[in-house]
Amino acid sequence: MADEEDDIILSELPDDELTLQMHDDLYDGLKEEIEEAVGILLERGWTPYDILTKALVAGMTVVGNDFRDGILFVPEVLLAANAMKGGMAILKPLLVETGAPRMGKMVIGTVKGDIHDIGKNLVSMMMEGAGFEVLDLGINNSVDAYLEALESEQPDILGMSALLTTTMPYMKVVIDTLIEQGKRDDYIVLVGGAPLNEEFGKAIGADAYCRDAAVAVETAKEFVARKHNQMATG
Amino acid sequence: MAERVKLNDSTLTTDGLTLPSVDARVLLLACGALAHEILALIRVNGWSHLSLTCLPAILHNHPDRIPDAVEAAVLKHRADYDAVFVVYADCGTGGQLKTVCDRLGVGMVEGPHCYSFFEGNDAFAERGEVTSFFLTDFLVKQFDAFVWKPLGLDRHPDLRDMYFGNYETLVYQAQTDDPALTAKAQDCAARLGLKFERRFTGYGDLETTLRAVAKD
């Protein structure tokens with residue numbers, strides 16, 4: 001713990017140092033500091049989109065990379081996510097008002113029989129941070145719940161998550177139903193969860209397995225860009 | 001093997017267990033979390049031809065490491081016995097442990113995990129409980145080592161609801177009748193903010209499985 005005299009006064013930092021400090025504060029899971037810094041940048045005239053991408057998403061990407069490399073563990077990632085959530089809560093309504101760029105739309109949910117949502121929530125948040133509109137169906141979703149949401153929302157991407165080896169095969173049930181109904185090619189299907197791997201993703205007919213939230217964002221961007229290119233040339 | 005072996009739960013968690021194989025013909029290669037139950041079954045049934053080696057129980061928290069650990073242990077010990085039987089169920093390996101056991105030509109326990117085979121695989125599947133968090137005798141005793149500390153709840157108790165907010169009940173699957181353990185399990189439920197249910201399972205399918213192994 002720093003002494004009082006060493007405490008950093010966020011409002012006294014220039015923009016570049018403040019953004020770096022926000023990366024550190026996200027890393028340390030300091031929600032109140034993140035909320036304060038978001039407020040300071042807004043007062044200084046930053047657009048909500050710039051705060052989101054340059055301060056929050058960039059900081060969370062560092063967190064994601066260190067999680068992938070075994071430097072950070074789940075509790076620390078959750079604290080960072082919680083801090084980012086605080087910042088997002090301030091920015092979200094402003095992003096709508098200011099017409100921030102939209103990358104695409106995603107419907108996401110944890111599969112039937114599974115109530116684990118930590119990874120899914122991180123993906124939702126990072127996708128929103130990257131400019132995607134996300135409809136989060138929550139946990140324990142039947143094939144009908146997915147199909148209904150796909151029908152009503154017409155998203156670019158369907159995301160499915162599972163933590164249990166006993167529930168992950170349900171992803172194939174959803175994909176097979178889409179194939180049966182001739183709708184499989186209408187959506188980019190991304191899957192993730194601790195017990196999954198690339199081989200499983202391929203075996204069930206998903207477009208990609210995403211190891212973590214940062215990979216999910218990059219993969220989603222890549223597939224959406226590819227889809228748009230196909231539409232442009234098709 | 002018939003005499004009572006003194007077990008240390010912390011050692012079972014981090015190091016596992018190796019017993020001397022006095023005249024034993026079959027090695028049970030098990031998860032350290034099952035040592036108490038397996039030794040009790042060997043003792044009461046007089047299965048002196050069975051010996052036991054346990055891998056560290058904490059592998060439970062890293063299922064991706066179980067197949068390699070089991071394979072290494074089978075290769076290390078198999079020359080000393082007529083047969084090896086792996087006392088793990090799938091345990092979160094997504095079929096990879098079965099692939100390893102099939103390749104090595106050794107048997108393993110049926111079912112997805114110990115919660116299922118203690119209750120009986122059919123009965124567990126029948127219940128289809130989604131919002132229950134399970135603990136066995138061993139996991140109640142080692143709750144801090146398996147749940148509280150690895151999830152960082154000792155340092156950040158405020159994360160509790162992010163982990164357990166979707167659960168409703170802590171089901172204590174009791175292998176033995178021990179009021180002190182029941183009280184501890186009840187305390188675990190309170191710490192996680194969950195309702196509590198005690199369900200006596202005894203040894204369930206573990207007993208029937210080992211009975212068949214002992215007979216072969």
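**A close look at the second largest pocket**

Tutor: Happy to. Helix H4 of chain A gives the most to the lining of the second largest pocket, with seven residues. Please keep in mind that this is a predicted model. The space in this pocket comes to about 390 Å³. Its lining has 20 residues, and the closest to the pocket centre are Lys85(A), Asn121(A), Leu122(A), Met125(A) and Met162(B). By residue type, the lining divides into nine nonpolar, six charged and five polar residues.

Let us start with the chain A side. On the domain 1 side, Arg68(A), Leu78(A) and Met88(A) supply 31% of the area buried against domain 2, more than any other three residues. One salt bridge is found across this domain interface. In chain A, the side chains of Lys92(A) and Glu128(A) meet in a salt bridge at 3.1 Å, N to O.

Now for the partner chain. Contact between the two chains takes 19 residues of chain B and 15 residues of chain A. The area buried between chain B and chain A is about 1300 Å², with 65% from carbon and sulfur atoms. Which residues of chain B lose the most area to chain A? They are Val130(B), Met162(B) and Asn166(B), together 41% of what the chain B side buries. You have already met Met162(B), among the residues closest to the pocket centre. The rule finds one salt bridge across the interface of chain B and chain A. The side chains of Arg155(B) and Glu76(A) form a salt bridge, at 3.0 Å from N to O.

Stepping back to chain B itself, the assignment gives domain 1 (9-115 + 203-215) and domain 2 (121-200). The C-alpha centres of these chain B domains lie 24 Å apart. Here the contact takes 20 residues from domain 1 and 15 residues from domain 2. About 1400 Å² is buried between domain 1 and domain 2 of chain B, 58% of it on carbon and sulfur atoms. The count between these two domains of chain B is one salt bridge. Within chain B, the side chains of Lys141(B) and Asp9(B) meet in a salt bridge of 3.8 Å, N to O.

One last stop takes in the wider picture. Over all chains, the count comes to 27 salt bridges. Among them, the side chains of Lys105(A) and Glu133(A) meet at 4.0 Å, N to O. Lys105(A) belongs to strand E1 (residues 104-110) of chain A and Glu133(A) to strand E2 (residues 132-136) of chain A, so this pair ties together parts that are 28 residues apart in sequence.

How values were computed
Residues numbered from 1 in each chain as written. Chains lettered and ligands numbered in written order. Predicted model: local features only at pLDDT ≥ 70, side-chain atom pairs only at ≥ 80, totals over all residues. Heavy atoms only, no water. 1 Å grid on protein atoms, 1.4 Å probe; cavity = no way out; pocket = protein on both sides within 12 Å on 5 of 7 lines; lining within 4 Å. Points joined across faces, edges and corners; volume = space filled by probe spheres on them. Helix = DSSP H or I, 4+ residues; strand = E, 2+ residues; numbered from the N terminus. Nonpolar A, V, L, I, M, F, W, Y, C, P; charged D, E, K, R; others polar. Domains from an automatic or database assignment. Contact = heavy atoms within 4.5 Å. Buried area = accessible area lost by both parts, 1.4 Å probe.
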